Amino acid sequence: MTNDMHDQTPAPSATRRIPLVIATVVIGGAVGFAALYGLGLGRGPSGDPACRAAVDTAKRIAPLIHGEVAALTAATAPLRLPDLAFEDADGKPKKLSDFRGKTLLVNLWATWCVPCRKEMPALEELQTKMAGPNFEVVAINIDTRDPEKPKNFLKEANLTRLGYFNDQKAKVFQDLKGIGRALGMPTSVLVDPQGCEIATIAGPAEWASEDALKLIRAAVKPVAASF
């Protein structure tokens, strides 16, 4: 009887191993989580210190995000946009960084996108009223087939003030999608002079409205605030 009871009692060494195994699993999990966090998987979009000013601008203009521009989402974390690459009307390569020093409204559009086509006259009017040394609308067409089709659309609609930019590979859309800033068409991003996000909108907006003009005026450099 004594021997049977003794055989049923866990060995001290086995008992001690149980908490050690649990501790190892917990520590290992914590190390793995820390490694993932260090790789950026536990964070939101970029934390570029140079983009903190853009977040400040976003906070400052937040009260103006209403009415015709109510769908805009103001930046809450510092995010530098990828250096988008595209071409101008002459086929010369351009990059987003070529426009540094200006506040930009970067818009992606295509002729097959009905809301995009309807939005273009408002973008044209915004460019007409606000374009200058401190602001520009950069509307990038992403038609991938007939390169003449978007040009003809702009010509037929008498949209002559907007600069023509295009990316026939539509990589600009994929680049913005990769950072969660392009979910559909049209997509527009308000960008500060350092190339950082101020606000983003998925879908069209009435960019020629007084709501939009007030917001853009507030977002550009102080020297242009009274434009």
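Ala-170 is placed in the loop between strand 6 and helix 6, where helices (H or I, at least four residues) and strands (E, at least two) are DSSP runs numbered from the N terminus. Its phi is near 60°, a positive value in a residue other than glycine. With a relative accessibility of 15%, Ala-170 counts as buried; buried means under 20% relative accessible area, exposed over 50%, and partly exposed in between (1.4 Å probe, protein chains only). The structure is a predicted model, in which local features need pLDDT of at least 70 and side-chain atom pairs count only at pLDDT 80 or more, while totals for chains, interfaces and linings use all residues. Residues are numbered from 1 along each chain as its sequence is written, and side-chain values use heavy atoms, with hydrogens and water left out.

**Backbone geometry in loops**

- Most residues other than glycine have a negative phi, and most peptide bonds are trans.
- Asn-158 also has a positive phi, near 60°, and is a residue other than glycine.
- Asn-158 belongs to the loop between helix 5 and strand 6 (165–166), and its position is just after helix 5.
- At 56% relative accessibility, Asn-158 is classed as exposed, whereas Ala-170, at 15%, is classed as buried.
- The peptide bond that joins Met-185 and Pro-186 is cis, with omega about -5°.
- Pro-186 is located in the loop between helix 6 (171–178) and strand 7.

**Disulfides**

- Cys-51 is buried at 0% relative accessibility, and Cys-196 is buried at 0%.
- Cys-113 and Cys-116 form a disulfide with their sulfur atoms 2.3 Å apart; the link is right-handed, with 80° about the S-S bond.
- Cys-113 counts as buried at 4% relative accessibility, and Cys-116 counts as buried at 0%.
- With the bonded cysteines of the protein numbered in sequence order, the pairing is 1-4, 2-3.

- Ala-53 is part of helix 3 (residues 52–61) and is partly exposed, at 44% relative accessibility.
- The C-alpha atoms of Ala-53 and Ile-198 are 9.1 Å apart in space, although the two residues are 145 residues apart in sequence.

- Helix 4 has 17 residues and reaches 25 Å from its first C-alpha to its last, close to the 24 Å expected at 1.5 Å a residue; the expected span is 1.5 Å times one less than the number of residues.
- At Met-120, helix 4 bends by about 35°, and the proline Pro-121 follows within four residues; the bend is the angle between axes fitted to the seven residues ending at a residue and the seven starting there.
- Among the buried residues of helix 4 are Cys-116, Glu-119, Met-120, Glu-124, Leu-126 and Gln-127.
- The cover over the buried residues of helix 4 includes strand 4, strand 5, helix 5, strand 7 and helix 7 (210–219).
- In the largest nonpolar core, of 61 residues, Met-120, Leu-126, Leu-190 and Trp-207 touch the most other members; such a core is a set of buried Ala, Val, Leu, Ile, Met, Phe, Trp, Tyr and Cys residues joined through side-chain atoms within 4.5 Å.
- Beyond its neighbours within four places in sequence, Leu-126 is in contact (heavy atoms within 4.5 Å) with residues including Leu-105, Phe-135, Val-137, Trp-207 and Ile-216.

**Helix 5**

- Helix 5 (residues 148–156) has Pro-150, Phe-153 and Leu-154 as its buried residues.
- Seen down the axis of helix 5, these buried residues fall within an arc of 95°, so they line one face of the helix; the arc is that of the directions from the helix axis to the C-beta atoms.
- Lys-155 and Glu-156 are exposed on the other side of helix 5.
- Strand 4 (103–109), helix 4 (114–130) and strand 5 (135–141) are the elements against which the buried residues of helix 5 pack.

Conventions:
Disulfide = S-S within 2.5 Å.
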